[in-house]
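Hi everyone, thanks for coming.

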Amino acid sequence: MPDVRILEERSTIHFEPAPDAVAPAPAEARGLSREDVRLLVASPEGLVHGRFRDLPDHLRAGDLVVVNDSATIPGEVDAESATRGPVVLHLATPLDDGTWVSEVRTPGDAARAILDAEPGDRFDAGPVTVTLVEPYPRTGSSPTGRGNRLWRAQVDGPLESHLDRHGRPIAYGYLSRRHPLSAYQTVFATRPGSAEMPSAGRPFTHGLVTRLVSKGVAIAPITLHTGVSSQEAGEAPQPERFAVPAATARLVNAVRAGGGRVVAVGTTVTRALESAVAEDGTVVARRGWTDRVVTPADPPRVVAGLVTGWHDPMASHLLLVEAVAGRELAQRAYEAAVAQEYLWHEFGDAALLLP
């Protein structure tokens with residue numbers, strides 16, 4: 001599996017969202033349907049404000065929308081430590097050696113990471129014991145520059161069945177309350193494995209998919225299982241498991257050859273597709289771990305448009321947004337989103353970037 005690395009590039013997109021510009025709950029809990037969240041469409045012709053249900057109006061027959069079929073796992077569970085008492089564990093990603101990328105957080109709402117854990121610390125979650133082995137991906141990787149947020153941990157016991165019975169979706173303190181695992185699944189979710197929801201696909205509904213297909217817009221899947229959010233400004237996204245099936249690769253190549261646009265639903269899809277580009281520029285079937293980071297210095301080769309949520313300032317995902325959309329268009333889109341009070345984070349509003 002590839003190593004995580006620090007990025008030398010920094011996004012040139014500058015903005016400052018309001019402190020309350022966060023969606024505190026899913027659209028359904030706010031009296032909306034999923035496709036009723038707001039949509040900002042940015043293209044060289046200008047900016048258009050609407051609702052996500054308007055997406056077919058901005059695509060054309062012959063375009064291809066590529067989606068992530070990864071499903072969110074209930075990776076958060078309560079645990080006890082003989083030395084620390086109650087904690088919350090985030091079991092994020094199984095690694096090839098059988099250990100898990102894990103995080104120890106404060107009990108209750110898991111509002112803060114516990115950064116002073118040490119190798120050998122043990123946590124009991126019912127019949128499951130989680131033992132910290134070493135910091136992941138290296139010592140000192142925490143938001144504050146001290147301590148360690150993520151760990152490679154040895155897991156003993158029936159983890160999968162315990163998470164199925166007692167686990168919750170990984171969540172953070174900006175939400176108004178807890179929501180069931182179903183709120184963290186997209187209509188495309190068929191392959192469990194993501195620690196956090198591939199949220200760009202959340203506003204899609206079965207009806208919206210039908211309208212896209214009826215218009216002549218094709219839809220194809222990839223799989224990329226997400227890790228937990230990037231833990232430090234400037235740090236590259238963690239290595240993630242992905243698969244681009246042969247049928248999707250063939251469809252991407254056919255659409256591009258016919259003059260259609262390949263529109264990725266989210267940074268996860270962009271990363272997966274761009275990890276499957278051969279030397280000749282075609283997409284091939286590929287699976288494994290990817291450490292591909294799409295940036296303006298290493299731009300996308302096949303993705304021509306992006307459906308995405310809104311990312312925080314200094315997030316590494318902004319480099320991908322800038323690489324797909326171009327700096328000027330991305331900057332105008334973010335300035336407009338702030339001015340028009342779009343909502344951020346996994347249950348927030350969306351953008352369609354068509355450079």
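Predicted model: local features only at pLDDT ≥ 70, side-chain atom pairs only at ≥ 80, totals over all residues.

**A walk through the model**

Okay, let's begin with a pocket. The second largest pocket has 17 residues in its lining, and Ile73, Pro94, Trp100, Pro192 and Gly193 are the ones nearest its centre. Which of them gives the most to the lining? That's α1, with four residues. If you sort the lining of this pocket by class, you get nine nonpolar, five polar and three charged residues. The space in the second largest pocket comes to about 290 Å³.

Now let's step back to the whole chain. Its secondary structure comes to six helices and 17 strands. The radius of gyration is 20 Å, close to the 20 Å that the globule rule gives for 355 residues, so the chain is as compact as a globular protein of that length. Along the principal axes, the C-alpha trace spans about 60 × 45 × 40 Å.

Next up, the sheet. Strands of a sheet pair through backbone hydrogen bonds, and they can do that parallel or antiparallel. Here we have an open sheet of nine strands with mixed pairing, and the order is β2-β1-β17-β16-β14-β3-β12-β13-β15. Which strands sit at the edges? Those are β2 (46–51) and β15 (286–290), and each of them pairs on one side only. On average, neighbouring strands of this sheet are turned by 20 degrees against each other, if you ignore direction.

Let me zoom in on two of the pairings. Strand β1, residues 38–43, runs antiparallel to β2, and six bridges join them. In that pair, Leu40 stands opposite His49 in β2. The two strands form a hairpin, with two residues between them.

The other pairing is between β3 (residues 64–68) and β14 (residues 262–265): these two run parallel and are joined by three bridges. Find Val66 if you can, because its bridge partner in β14 is Ala264. There's also a helix on this sheet: α5, residues 317–325, packs there and touches β16 (305–308) and β17 (350–353). The direction of α5 makes about 145 degrees with that of β16.

So we've seen a pocket, but what about cavities? How many of 30 Å³ or more does a search of the whole structure find? One. About 120 Å³ of space lies in the largest cavity. Its lining is made of 17 residues, and nearest its centre are Ser199, Pro203, Glu346, Gly348 and Asp349. By class, the lining of the largest cavity divides into seven nonpolar, five polar and five charged residues.

Last, two backbone details in the loops. The peptide bond from Tyr136 to Pro137 is cis, with omega near 0 degrees. You'll find Pro137 in the loop between β9 (128–135) and β10 (150–156). Then there's Glu341, which has a positive phi of about 60 degrees although it isn't a glycine. Glu341 is in the loop between α6 (327–339) and β17.

That's my tour. If you want one thing to look at again, go back to the nine-stranded open sheet and follow its order from β2 to β15. Thanks, everyone!

Definitions and conventions. Residues numbered from 1 in each chain as written. Heavy atoms only, no water. 1 Å grid on protein atoms, 1.4 Å probe; cavity = no way out; pocket = protein on both sides within 12 Å on 5 of 7 lines; lining within 4 Å. Points joined across faces, edges and corners; volume = space filled by probe spheres on them. Nonpolar A, V, L, I, M, F, W, Y, C, P; charged D, E, K, R; others polar. Axes fitted to C-alpha atoms, helices over the stretch in contact; angles between N-to-C directions. Contact = heavy atoms within 4.5 Å. Rg over C-alpha atoms; globule rule 2.2 N^0.38 Å.
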